[in-house]
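My notes are below, in the order I looked things up.

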Amino acid sequence: MKIKVIVTLKNGVLDPQGKAIQQTLNGMNFGNVEDVRQGKYFEIEVKEKDEKKAKSLVDDMCKKLLANLVIEDYKIV
Amino acid sequence: MRSSVIIFPGSNCDRDMDVALKKFGFKNQMVWHNDLSIPKSDLIVLPGGFSYGDYLRCGSIASKSKIIKSVIDFANSGGLVLGICNGFQILTETGLLKGILQQNKFLNFICSNVFVKVKDKQNKYFKDLKKDVLKLHIAHNEGNYFCSDDELKSLEDNNQIAVTYCGEDGIENETNNPNGAIKNIAGIFNNSKNVLGMMPHPERMIDKYLSGEDGSLFFKNILDNFK
């Protein structure tokens with residue numbers, strides 16, 4: 001079963017790459033872009049048929065490796 | 001004093017560290033990351049570099065490598081663990097040190113000499129150090145130290161801030177902050193101050209003709225405090 005995870009920086013944590021992307025977009029005449037936050041996306045193939053169990057496993061993976069909870073939040077989608 | 005330098009795939013300051021340690025009389029051994037135990041040591045060093053290609057987050061993969069359990073056990077039993085640059089990043093990812101090293105504020109790789117102020121001398125690394133400001137070298141893309149307000153307060157309250165970026169005169173301000181690190185932090189201790197992580201490379205300042213000798217002071221001081 002494929003589980004998808006999105007890891008993003010927490011609100012309030014400076015995201016210089018997002019800022020640079022926003023400024024570039026503004027410079028390309030996308031003037032209405034007010035903010036960009038960059039994140040990471042994972043597709044994890046888990047050998048598990050029960051969706052609940054698979055998601056709970058991935059949740060554990062997020063806490064232990066995929067996200068650093070000092071600065072990042074994660075979302076299993 | 002016996003030391004061990006851990007080599008991860010992608011470490012690139014391991015041999016410089018070996019040269020530096022041996023120069024001042026440490027009996028140093030190199031330890032591969034896939035080993036499960038560390039030879040009897042008084043100091044373990046996690047060197048600089050790009051362990052595992054900085055995949056996922058700097059230091060995150062190394063912080064789960066086979067050797068790390070031994071490093072954590074050693075640290076928890078009071079042993080001296082020094083992480084330089086990528087080693088500092090690995091230490092934060094293991095949880096031995098608080099916070100995280102984020103990408104530099106202006107998105108640039110910085111390679112330059114800097115001055116750092118020694119903020120605490122009640123520890124086995126800086127006790128009785130003759131200087132308060134050291135000239136050291138930094139080379140990193142992710143050195144922008146960040147932690148939560150609560151963590152910062154506890155670092156300050158327990159004097160766990162080890163070194164901060166400053167001017168030659170010791171003044172810490174935004175101009176002297178190369179990477180945007182919170183409170184100009186260049187290095188911190190754990191609670192009991194046996195674990196030290198810092199971005200500057202003392203092993204690059206051990207020769208007066210090539211670079212400078214403030215790194216020599218640092219290594220000699222560790223030895224003097226061990227005697």
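**Entry 1: what kind of model**

I reminded myself at the start that this is a predicted model. Every value I jot down here is computed from it.

**Entry 2: chain A overall**

I counted elements in chain A and got two helices and three strands. Reading along the sequence, I wrote down the pattern β-α-β-α-β.

Then I checked the overall dimensions. A compact globule of 77 residues would have a radius of gyration near 11 Å, but I found 16 Å for chain A. The box around its C-alpha atoms is roughly 45 × 25 × 15 Å along the principal axes. Burial came next: 13% of the 77 residues of chain A count as buried. I also looked at contacts between residues at least 6 apart in the sequence of chain A, and 63% of them join residues at least 24 apart.

**Entry 3: the sheet in chain A**

In what order do the strands of the open sheet in chain A run? I read it as 2-1-3, three strands with antiparallel pairing. Strand 2 (39–45) and strand 3 (72–76) of chain A are the edge strands, each pairing on one side only. From one strand to the next, the twist averages 20°.

I followed one pairing in detail. Strand 1 (residues 2–9) of chain A pairs with strand 3 of chain A over five bridges, in the antiparallel sense. For Thr8(A), I found the bridge partner in strand 3 of chain A to be Asp73(A). Packed on this sheet is helix 2 (residues 51–66) of chain A, which touches strand 1, strand 2 and strand 3 of chain A. I noted about 35° between the direction of that helix and that of strand 1 of chain A.

**Entry 4: chain B overall**

Chain B has five helices and eleven strands. The C-alpha trace of chain B spans about 45 × 35 × 35 Å along its principal axes. Buried residues make up 51% of the 227 residues in chain B. For contacts in chain B between residues at least 6 apart in sequence, 75% join residues at least 24 apart.

**Entry 5: helix 3 of chain B**

Is helix 3 (residues 86–94) of chain B enclosed or open? Nine of its nine residues are buried, so I noted it as largely enclosed by the rest of the structure. The buried residues include Phe88(B), Ile90(B) and Leu91(B), but also Asn86(B), Gln89(B) and Glu93(B).

I then asked what covers the buried residues of helix 3 of chain B. The cover includes strand 3 (43–46), helix 2 (68–76), strand 4 (80–84), strand 5 (100–102) and strand 11 (195–198) of chain B. Just past the helix, Gly95(B) takes a positive phi of about 90°.

**Entry 6: the cores**

I had one general point in mind here: in soluble globular proteins, nonpolar side chains tend to be buried together. The largest nonpolar core in this model has 65 residues. Those with the most contacts inside it are Ile6(B), Val81(B), Val116(B), Ala186(B), Val195(B) and Met198(B). Strand 9 (residues 161–166) of chain B supplies the largest share of this core, five residues. Another core lies apart from it, of six residues, among them Val58(A), Cys62(A), Leu66(A) and Ala67(A).

Why does Ile6(B) count as buried? It has 28 other C-beta atoms within 10 Å, and 20 or more is enough for that label.

Skipping neighbours within four places in sequence, I listed the contacts of Ile6(B) as Val31(B), His33(B), Ile44(B), Leu46(B), Ile67(B) and Val71(B). Ile6(B) and Val31(B) are 25 residues apart along the chain, yet their C-alpha atoms are separated by 4.7 Å.

**Entry 7: where the chains touch**

Last, I looked at where the two chains meet. Seven residues of chain A are in contact with twelve residues of chain B. Helix 1 (residues 16–27) of chain A gives the most to the chain A side, with three residues. By type, I sorted that side of chain A into five nonpolar, two polar and no charged residues.

Notes: Residues numbered from 1 in each chain as written. Chains lettered and ligands numbered in written order. Predicted model: local features only at pLDDT ≥ 70, side-chain atom pairs only at ≥ 80, totals over all residues. Buried ≥ 20, exposed ≤ 12 C-beta atoms within 10 Å, placed from the backbone. Contact = placed C-beta atoms within 7 Å. Helix = DSSP H or I, 4+ residues; strand = E, 2+ residues; numbered from the N terminus. Pairing = 2+ DSSP bridges. Axes fitted to C-alpha atoms, helices over the stretch in contact; angles between N-to-C directions. Nonpolar A, V, L, I, M, F, W, Y, C, P; charged D, E, K, R; others polar. Core = buried A, V, L, I, M, F, W, Y, C linked by C-beta atoms within 7 Å. Rg over C-alpha atoms; globule rule 2.2 N^0.38 Å.
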